[in-house]
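User: Can you walk me through this one? I'm new to it.

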Amino acid sequence: MSTLYVSSAVSGDVTVIQQGADQRFKTIQTLTLGSHPAPMCFNPTDSTICIAQRGEPASLAICHANKDNGLLQAPTHIPLAARASYLGLHPRMQSLVAVSYHGHGLQTFRLQDGLPHIDSARWIPTLRHPHCVVFSASGRHAVVACLGDDALCVFKAHPELGDLGDAPLLRVNTRTGAGPRHACFHPNQRHLYVIHELDASVDVWDWDDAHGQLTHRQTVSIWPSGAVGAPWAADLQMSPDGRWLYTCERRTSTLTVFAVDADKGQLTQVTQMQTETQPRSMALDAKGTHLFVAGQLSHHLACYAIDGSSGFCELQQRIPTGQEPGWVLCSP
């Protein structure tokens with residue numbers, strides 16, 4: 001049973017959506033939080049959802065999700081040093097990283113009983129405008145995409161301490177003006193994929209987890225032919241089997257599907273299609289059978305059925321959300 005959580009900044013709520021016995025999705029709860037909820041992450045060890053609230057003062061709302069029905073309990077809050085644009089969870093569920101785009105840094109927490117331990121909070125300055133953090137599956141390294149300086153920074157993870165050390169092990173520059181935004185690893189952990197906000201491109205990097213090294217392999221565009229205006233790419237998601245990569249672009253409201261080469265990790269465009277207006281966030285269910293796209297200006301969530309043999313997406317349902325949904329999360 002798939003349960004979705006959609007945070008909406010303007011209405012200040014989280015919409016809980018669940019798939020029923022008839023395979024249709026419907027809203028089962030709207031939890032009002034206020035204060036601009038945005039990025040979220042799910043800790044499966046205790047069914048806890050952390051939600052960064054980007055109002056003033058910045059905070060982290062922590063909600064327990066009922067394991068039987070997915071409903072959210074009333075949150076507890078802990079303060080954040082700065083507004084968070086992304087939340088990253090260590091794969092062994094030992095630490096949490098809040099990435100602050102406007103604060104130019106990371107706030108790290110050690111997890112205790114599944115919850116961020118406030119006394120362990122630590123601030124790590126980064127390059128300008130970090131936008132996301134992703135951990136390698138081994139938990140040894142974390143990659144931070146710094147949009148403002150067109151760079152990827154590799155940190156050594158210290159989950160037992162809850163932080164990433166004082167400085168990155170490696171800085172790799174991307175193209176000037178590209179604006180690396182979000183990233184994801186291939187399930188085989190041999191490749192890293194990075195979407196660039198400002199030139200609507202995706203980079204493929206070879207990844208050496210033993211040494212925390214990145215080597216550029218390929219760059220592809222998601223900008224539609226003949227489109228006008230400034231690119232404004234948003235998100236990317238990799239299918240659980242590693243065969244398909246999905247990306248969204250906000251200026252043109254497009255969804256692009258790529259086939260992934262099983263050996264080299266390189267991308268080949270399969271199709272490109274219109275989607276919800278200004279798609280800001282996407283999520284895949286655990287089996288990779290459905291893709292969910294949140295339209296920031298359509299105030300709806302699009303539910304697509306995925307053809308596993310072709311990667312194609314077929315729109316099945318549009319689900320109302322709060323105003324300006326900015327993040328969609330699917331329970332594991």
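Analyst: We can go through pockets, then cysteines. This is a predicted model, where local features need pLDDT of at least 70, side-chain atom pairs count only at pLDDT 80 or more, and totals for chains, interfaces and linings use all residues. Residues are numbered from 1 along each chain as its sequence is written, and side-chain values use heavy atoms, without hydrogens and water.

User: What volume does the largest pocket have?
Analyst: About 1300 Å³. A pocket is an open set of points on a 1 Å grid over the protein atoms alone, where a 1.4 Å probe fits, with protein on both sides within 12 Å along at least five of seven lines. The volume is the space filled by probe spheres set on the points.

User: Which residues lie nearest its centre?
Analyst: Tyr86, Val134, Cys184, Gln237 and Leu329, out of 41 lining residues. Lining residues have an atom within 4 Å of a point.

User: And the second largest pocket, which residues lie nearest its centre?
Analyst: Arg54, Tyr101, His102, His131 and Arg280. The second largest pocket has 13 lining residues and a volume of about 220 Å³.

User: New topic. How many disulfides are there?
Analyst: Zero in the whole structure, with a disulfide being a pair of cysteine sulfur atoms within 2.5 Å. For Cys132, the nearest cysteine sulfur is that of Cys146, 9.1 Å away. For Cys146, the nearest is that of Cys153, at 4.3 Å.

User: Is Cys146 buried or exposed?
Analyst: Cys146 is buried, at 0% relative accessible area. Buried means under 20% (1.4 Å probe, protein chains only) and exposed over 50%, with partly exposed in between.
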